Amino acid sequence: MAKVIAEQSRLTSRGFKVEAGAIFYTLILAILLVVIVYPLGLLVINSFIVTLPDGTEQIGFGNWTIAWAQPGLVESIYNTFNMVIVTTVIVFPVGILFAWLLTRTDIPGKEYLDFFMWIAFFLPTLPVLMGWILLMDPDFGLVNQMFIDWFGLQKGPFDIYSFWGIIWAHIVIRGVAAKYIFLAPAFRNLDSSLEEASRISGRSTLGTLLRIVVPVMTPAILITLIISLIHTLESFEIERVLGPPIDFFVFSTKIYQLIAEVNPQFGMATVLSLVILVCMLPLIFLQQYINSKRSFVTVTSHFKRNIVRLGAMKWPAFILVFGFCMLVTVVPITFMVLGTFMSMFGFFDIESVWTMDHWKRVLQDPILIKSIWNTVKMAGGAALIGMLLYTLLAYISVRTRYRARGMIDFLTWLPAAIPGIILGLGMLWMFLGVPFFRPLYGTIFILILAVLINSMTTGVQLIKTNMVQLGKELEEASSVSGGSWLYTFRRVILPILAPVLLSVGTLTFIAASRNVANIAMLVTGENRPIAMLQLDYMADGSYEAAAISGVFVVIMTIGVAFIARWIGKRIGIHI
Amino acid sequence: MNMSEAIFKPSTPYDERIKAEAKKKDILRLEQITKHFGNNKVVDALSLNIQEGEIFTLLGPSGCGKTTTLRQIAGLEQPDSGKIYFRDTLLVSPSEKINMPTHKRKMGMVFQSYAIWPHLNVFETVAYPLRARNVKNAEVKRRVMEILELVGLSGKEDRAGPALSGGQQQRVAVARALVYEPDILLLDEPFSNLDVKLREQMRVELKLLQRRIGVTVILVTHDQMEALSFSDRIAIMNQGKIEQLGTPKQLYERPQTVFARDFIGKNITLEAEIESVERGAVKVIVGKGKGQGTVLCARHNYVTQPSKGQKVVVSIRPEDIVVHASDGEADPNVLEGEIDALLFIGDRYECHIKIGDEAILGYVPRNQNLEEGSNVRIHFPLEGLSVWPKS
């Protein structure tokens, strides 16, 4: 028997099954390695390369010793984890509560509240943040001014430029909404017959909750927790805007600062990147472990949902959720838009409060037009290439017996776990350091590459899920009917997957339009997209121009999401 | 076949028959096909000849390798070793690194799930094999309409595939498989998703269709009724090998192995001991443990070297048993027993009878009046009885 198998594997390796496909798949794998692993490898190597005063380079721990000696660096690591933990402790329970309220209780207006959560999830960070700055700036913030007027205080009680200001920003900008979006399906799909079976077997409501609901939900909750920890850890824009005035740096803004200095300190930046990656390893392994152990409960058509009656708590619960929905969507966006018409951002007590001047000036500014055009090119390019590339990656992983497909799986998942700023740093290194790639630096192409990598995990995962459900026999039927591989791909696989592909394209477009962290390191004046322009305006304190840029970012994210949702209702796109 | 000609030895009486049939031309030839999934040998050095225009069935329990064999014929799986010939063309041979891809094999296939594409309507689904081969539009239309007419789906060409009922989906799948006029039609458990009534109807329809167009059909099924009623020849498969190959009647009446005997039809066995061996019959004693025992005479013997006193089992199909009320004449080949349970199943009674310690099953016509608990005499006709080694 063993001999037979050895014979068989020898035959296989001799190339009986090695088709053109395998060569093609290997090529894809090689590209992934070059754009994801190679930059990370460069970071590791370069953290150990010390440049001597005379310009020569040698291997050593110089960067590491210097880095640890710098007080700001250790502090930034401490700040990062402090911020992550505090944010998660507040946001996570709220997310679970909202998910439960909106999926398993009789709270009124569920669909609308869900819709607001959906908007909050897609809203770009910076425009929302602008709205909140307008409300909570210590000097001119509207809320603070109201408190001063009403209570005769000397100074408003709120300060967005503070540790707690940053935490607040995290709560209202996607924090809770993201938890809700991830958890709601799990809550929604919990088959109430599981609970009912427990009740009939003699357990009380509480006993059922503890013995059935919690164990069944635990994997979903844990995965969401880990994902949200990783997401918060990766955050960049909020700290980039709110941190510097109070000298508060997390690792991502510290890396950015180190590179943006007149004498960029690449060595230290790489050291910091590596420290963070190592700190994240346990999270990454834990996520893989839970994912591998998790059994997916399939939902049958006979499935029924159990609705908890809130009784007297119905309306208070509604007001709570509705109020929060307003806080995270309508309120900040309204104020950001208001800000574009104000002579001076935030000042309501000057002579002429309102003006169209900013719009007139900015709309004639070639920089804004160019940035919008850059975003369209970048996001559109990423969406188009993404649809094809992600389908290919999903296909290799689900349908082929290509031997290194496990490796491809790992590489498609990796970008989700690595902070965008670190990936960006690695890519910067690659595009500047390798002569072959250098001409690409400053072009739209490398931004497309960066956002493609950023959206890869979600995109491939979505397509994979749909592809698994697509029976293999549908493809085989085409094959038997005389369709070649390419013909099958074109006439069967692509059309059936079309709705999910359009969803993935839309999501990629939106993610690219609002992305800052992944591209911050790679942007030049030439290829700067609109979101990055807004960040630059904000960092310079030009809030009026930043607000106008923000309006365009909102249009290109939430506007696109609305269109997709509206069209999608007819052709089956779900985003 | 004529039972009286049955030769009294554990021979393979269908040999001659096979030789006679072999004069027909083979359309497909499998030689020593072996296939592993991991360490599991799914198909084990399997060889088969399939003749032009016949309905050939691979019958066996799940996991016996029948579907894998079919998929290797289609080219959806590659064998680890062995060869498959289509007429004189070599389709696959791993040792020579030859493997004709599925889409060039010119076969049609109906899948178990029908594999109806959700994004195409009936017309486009059926037109697919023609379009894949760049057939001209006018020709496509003519042939699709023709085949839809043939399977009884005229007027439904604009319907979406998933909007059809199970039976209609199957017809679409058949139409798609046949539209290119393939030489071989492969059917992978095509009836298993239909309800019983529809299944019987589709079976008849498909058989009539096959007779009309003369395509060679290879069917895979685990349903013995389907195999018996549908096929010209059947190969019973077990653990990757062919247990027995023959016409449905041969397999039912003269199973050659214990597996084949137990897999097709119902079968009852009684422990016995050989009394004497004569030309044309074996005498065995049943129930010798308690007292005298009764002598039964069996026509067929599958014990290689029968000798007096050897422990064996006798086997018979329940429908061959004749049950009488207890007051009949004393005949040869009769045992006495008591009715344990009498189940009315519509067209007849299922009669569970206790003979000593052993329980057997027999069928009783519904006009015969018997009662539970009454004593009966059970006649085992010589022709239906066979002697097997004790396992």
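The structure is a predicted model, in which local features need pLDDT of at least 70 and side-chain atom pairs count only at pLDDT 80 or more, whereas totals for chains, interfaces and linings use all residues. Residues are numbered from 1 along each chain as its sequence is written, and chains are lettered from A, with ligands numbered from 1, in the order in which they are written.

For chain A, an unreviewed UniProt entry lists "domain: ABC transmembrane type-1" at residues 77–287 and 372–564; UniProt positions are given in the numbering used here, feature names are shortened, and annotations may be inferred rather than shown by experiment. The span 372–564 of chain A is 79% helix and 0% strand, and its end C-alpha atoms lie 20 Å apart, where helices (H or I, at least four residues) and strands (E, at least two) are DSSP runs numbered from the N terminus. The domain assignment of chain A gives domain 1 (19–45 + 357–575) and domain 2 (77–251 + 318–350), such bounds coming from an automatic or database domain assignment.

The C-alpha centres of domain 1 and domain 2 of chain A lie 26 Å apart, and the contact between these domains takes 28 residues from domain 1 and 21 residues from domain 2, with two residues taken to be in contact if their C-beta atoms, placed from the backbone, lie within 7 Å. On the side of domain 1 of chain A that touches domain 2, at least two residues are supplied by each of α16 (357–364), α19 (420–433), α22 (485–514), α23 (530–540) and α24 (543–571), and α24(A) gives the most, with 12 residues. The residues of that side of domain 1 of chain A divide into 21 nonpolar, five polar and two charged; Ala, Val, Leu, Ile, Met, Phe, Trp, Tyr, Cys and Pro count as nonpolar, Asp, Glu, Lys and Arg as charged, and the others, Gly among them, as polar.

In chain B, the UniProt annotation "domain: ABC transporter", from an unreviewed entry, covers residues 28–264, a span that is 36% helix and 28% strand and has its end C-alpha atoms 26 Å apart. Chain B is divided into domain 1 (3–257) and domain 2 (268–389), the C-alpha centres of which lie 39 Å apart.

Strands β1 (residues 26–37) and β2 (residues 40–51) of chain B run antiparallel and are joined by eight bridges, pairing being assigned if DSSP finds at least two bridges between two strands. These strands, β1(B) and β2(B), form a hairpin with two residues between them, and Gly38(B) in the turn has a positive phi of about 65°, while Phe37(B) stands opposite Asn40(B) in β2(B). Strand β1(B) also pairs in the antiparallel sense with β4 (residues 81–86) of chain B over five bridges, Thr34(B) having Ser81(B) as its bridge partner in β4(B).

Further along chain B, six strands form an open sheet of mixed pairing in the order β14-β13-β12-β16-β22-β15. Strands β14 (294–298) and β15 (300–301) of chain B stand at the edges, each with a single partner strand, so one side of each is left without a neighbour in the sheet. Within this sheet, six bridges join the antiparallel strands β12 (residues 268–278) and β13 (residues 281–286) of chain B, and Glu278(B) stands opposite Ala281(B) in β13(B). Eight bridges join the antiparallel strands β19 (residues 348–355) and β20 (residues 358–365) of chain B, with Pro365(B) in β20(B) as the bridge partner of Arg348(B).
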